[in-house]
Each structure stands twice: as structure tokens, then as C-alpha cells.
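The report that follows describes a single chain, moving from its overall contacts and dimensions to a handful of individual residues.

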Amino acid sequence: MNYNILNEIKLKFTTSGGPGGQNVNRTATRVELYFDVENSLFLTEDEKTMVRNKLDNRINSQGLLIVYAADTRSQVKNREIVINRFLELIKEAVKKKKVGRHTKRTLASVEKRLKGKKITSEKKKNRKKIDD
């Protein structure tokens, strides 16, 4: 089965503002992409949760992820832009966070820190009044 996430998106074309003069009132160049996160067959349950958490500001009350593009005068270019944005958003949302591991300080870094503390200490000692 050759199933793709792009089979689950719906595109809607509307008129957009911006560059194009009076022509923008007649042509539908703005592209809106809708993706139903809850009913997706492509994403696993864990991935759906990650998408909901990371992209909650782009998901409406019906559970649809909305991405739009009105960057150019061309509907075809806007379609490419919105699909690329969508794929990038999904890819970033389902990326697992890298686990950081604690490492031991090196002997050289400990010595460098202690040397710096010693220099600061000497500097402050030299500022004191000398009692005779």
C-alpha cells in the first residue's frame, strides 16, 4: 500500500490581498490547507499527541490543522509553498527531543576553574588595607 500524508489534506482557494492590483479581486490565489489530525491514518497516536501539543495554536476547535499561503500571485506557487510548510511543520512536530546526558567534568576544566578562582581571590586580597 502506497499511502501518503498528502492524501489526507484538503486545499481551499480564496482571493487574497497583497500584490496583484485589481486582479486579486478576481483570482483565487490564496491557498488554505486543512489537515484532520484526529482522523489521520498516516500518523500514530503518539505522533498525533505530539502534533496536537506542538501545533495547538494552528489547530481549530474541529481538530483541523490549518496552514495557508498568499505569498505570490500564482496559485500554483502558493500551493507548493503551503504543502512544503505543512510537511515541515509535521516533520518538526513529530521529531523526538534528543535526550541530554550528564557528563563528567574534565580534569583540565576543573583546574582552569580553580585557577580562575585563585586569580580572583588574589585580586581581591590586594585591594584590602594593609595593617601595620
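The model is a predicted one, in which local features need pLDDT of at least 70 and side-chain atom pairs count only at pLDDT 80 or more, while totals for chains, interfaces and linings use all residues. Residues are numbered from 1 along each chain as its sequence is written, and side-chain values use heavy atoms, with hydrogens and water left out.

The chain contains three helices and three strands, and along the sequence these follow the pattern β-β-α-β-α-α. Because its radius of gyration is 28 Å, well over the 14 Å that the globule rule gives for 132 residues, the chain is more spread out than a compact globule. Helices (H or I, at least four residues) and strands (E, at least two) are DSSP runs, numbered from the N terminus; the radius of gyration is taken over C-alpha atoms, and the globule rule is 2.2 Å times the number of residues to the power 0.38. Taken along the principal axes, the C-alpha atoms fill a box of roughly 95 × 45 × 25 Å.

Of the 132 residues, 23% count as buried, that is, under 20% relative accessible area, with exposed meaning over 50% and partly exposed in between (1.4 Å probe, protein chains only). The chain exposes about 10700 Å², of which carbon and sulfur atoms supply 51%; these areas come from the Shrake-Rupley method with a 1.4 Å probe. The mean positions of the 31 positive and 16 negative charges are 8 Å apart, with Lys and Arg counted as positive, Asp and Glu as negative, and His and the chain ends not counted. The place of a charge is taken as NZ of Lys, CZ of Arg, CG of Asp or CD of Glu.

Several residue pairs that are separated in sequence can be listed by their C-alpha distances.

| Pair | Separation along the chain | C-alpha distance |
|---|---|---|
| Tyr34 and Val82 | 48 residues | 10 Å |
| Thr15 and Arg30 | 15 residues | 5.7 Å |
| Glu8 and Val37 | 29 residues | 9.4 Å |

Tyr34 belongs to strand E2, residues 30–36, and, not counting residues up to four places away in sequence, it touches Glu8, Ile9, Lys10, Lys12, Leu64, Leu65 and Ile66. Its side chain also makes a polar contact with the side chain of Glu32 at 2.6 Å; a polar contact is a pair of N or O atoms within 3.5 Å, where within protein one must be able to donate a hydrogen and the other to accept it, and residues adjacent in sequence count only if both atoms are side-chain atoms. Glu8, which lies in the segment before E1, is buried with a relative accessible area of 14%, and a polar atom of its side chain lies 3.0 Å from the backbone nitrogen of Phe42.

The loop between strand E1 (9–14) and E2 holds Thr29, as well as Thr15. Thr29 is buried at a relative accessible area of 7%, whereas Thr15 is partly exposed at 46%. Beyond its neighbours within four places in sequence, Thr29 has contacts that include Thr14, Ala69 and Asn78.

Asn78, in helix H2 (residues 75–94), is buried at 0% relative accessibility. Its side chain reaches the backbone oxygen of Thr72 at 3.0 Å, and its contacts outside the four-place neighbourhood include Thr29, Arg30, Val31 and Asp71.

Terms used. Contact = heavy atoms within 4.5 Å.
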